[in-house]
Each structure stands twice: as C-alpha cells, then as structure tokens.
Amino acid sequence: MAKEPQTPMDDELARHEQEAETPEQEAEDRLVEGELEGLVNDDETVVNRVEDEAEVDALAAKVQDLEQRLAEAQDQSLREAAEAQNVRRRAEHEAEKARKFALEKFVKELLPVIDSLEKALESMQEDASEVHREGVSMTLKMQLDVLSKFGVESIDPQGEPFDPQVHEAMAMVPNPEQEPNTVMEVMQKGYLLNGRLVRPAMVVVSQKASES
C-alpha cells in the first residue's frame, strides 16, 4: 500500500510534536545528569572522609608512640641521674672514710710508745728528779694532744660496766664490794680513731663472789 503523501499540515503537526517533547526530554536528561553527578560527588566525599579518618588514626598512633618513647627516655634519664648521684655519694663516703682512717696504721704503731711513757711515769720512784718526771710527763702530754687533734681518744674505763665492744677482759675476779661485770682494773688503755676502735682496753672484770 502506497504511503500517503504528507501535506503541509502534517509537517507542521509533526514539528509541533517534536518541539513539545524536547523540553521534557531535556529536563529528564538534566535530572539524570544531576543524579549521576550527585552520586559521583557523594562517592568522592565518602572516599575523602575515609582517607581523612585513616590519616587521623595514623597521626594519633604516631603521637602515642612518640609520647611513650618520651616517657621511657625521661624514666631512663631519671634512673641514670639517680645512679650518678649514688655513685657520687659513695665516692664521697669512701673519700671521707679514707681521710678519717688514713692514720689508723700510724696510730697503732705509736700506741706502744704512749704505753711506755705512761708506765715510765708510773714507775718513777719518789727519788726521781722533778726535772726528769716533768720531762716525761710533758712528752706524754704532747703526744696525746697531737693524737687528739687527729681524732684519737683514749678508753680508760676504770669503775665502768664492762663493754665487750670496746673492752677485752683479761681476767674475772670475784669481788663482793663491786657490782658484777665492773671494770676493776685497766691493764692497758684502749683507743678510738674517729669513733672506730683501734685497740680495745685490756681490763680485769669483777664477778659475783661465790657463797661459801
């Protein structure tokens, strides 16, 4: 069947229909493009947010690690400072100890001389010259004064309770007139150097008399 020829009226109607459909189609196309663009923008926003959160987490972890390292370094520094202070105190203590007791050996060597002078002075008879007696006494005093300047002091516990820390009992003698464990006689004086025992005092100690 042959196609009927279009009249000018038909062409005009077709043109109007095409023009009428075009705005609607354009609007629909714009809507689809907008939705697509929105989806793309939303995806980019999500991706950016995820990246930001990952970066924040990484920075937080790095900060925490640095804080831990700083705390460990501070603790180590405090330990080293305390150890250095302890070493310094020990060194000072040892130096002070060495200074105080450096003369101990010399004092021990000198004590027999002191003992001899004391015994010589005690044994002098009444017929000894005053000059001789005074000379020995002055020599003894000078030596004791010098020792005293360097922290040496004598232990002469006559009549005192017996102390095993600084006394050495040479004999125990019953004596009803004195309390037991009392020093009755000092056979040899003891000496201290800056509070440290150089030589104990040799003594005779009383003990309780046996009942008959």
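Is Glu 104 buried or exposed? In this predicted model, Glu 104 has a relative accessibility of 16% and counts as buried. The cut-off for buried is under 20% relative accessible area.

The protein has 212 residues, and 16% of them count as buried. Its secondary structure consists of three helices and six strands. Read from the N terminus, the order of elements is α-α-α-β-β-β-β-β-β. The accessible surface amounts to about 16700 Å². Carbon and sulfur atoms account for 54% of that surface. Contacts were also sorted by separation in sequence. Among those between residues at least 6 apart, 63% join residues at least 24 apart.

Side chains of opposite charge can pair when their charged atoms come close. Nine salt bridges are found in the whole structure.

Helix 1 spans residues 8-101. Within helix 1, Arg 69 and Asp 65 lie four residues apart, so about one helical turn separates them. The two residues form a salt bridge, with 3.1 Å between the closest N and O atoms. Arg 69 is exposed, at a relative accessible area of 55%. Asp 65 is partly exposed, at 32% relative accessibility.

Helix 2 covers residues 104-123. Here Glu 104 pairs with Lys 108 in a salt bridge. The closest N and O atoms of this pair are 3.9 Å apart. Glu 104 and Lys 108 are four residues apart in helix 2, so they too are separated by about one helical turn. Lys 108 is partly exposed, with a relative accessible area of 42%, whereas Glu 104 is buried.

Glu 104 has another partner, Arg 196. In the salt bridge between them, the closest N and O atoms are 2.9 Å apart. This pair links distant parts of the chain. Arg 196 belongs to strand 5, residues 196-199, while Glu 104 sits in helix 2. The two are 92 residues apart. Arg 196 is partly exposed, at 29% relative accessible area. Through shared partners, salt bridges join Glu 104, Lys 108 and Arg 196 into one network.

Notes. Residues are numbered from 1 along each chain as its sequence is written. This is a predicted model: local features need pLDDT of at least 70, side-chain atom pairs count only at pLDDT 80 or more; totals for chains, interfaces and linings use all residues. Side-chain values use heavy atoms; hydrogens and water are left out. Buried means under 20% relative accessible area, exposed over 50%, partly exposed in between (1.4 Å probe, protein chains only). Contact means heavy atoms within 4.5 Å. Accessible areas come from the Shrake-Rupley method with a 1.4 Å probe; for residues, only the protein chains shown count as cover. A salt bridge is a side-chain nitrogen of Lys or Arg within 4 Å of a carboxyl oxygen of Asp or Glu.
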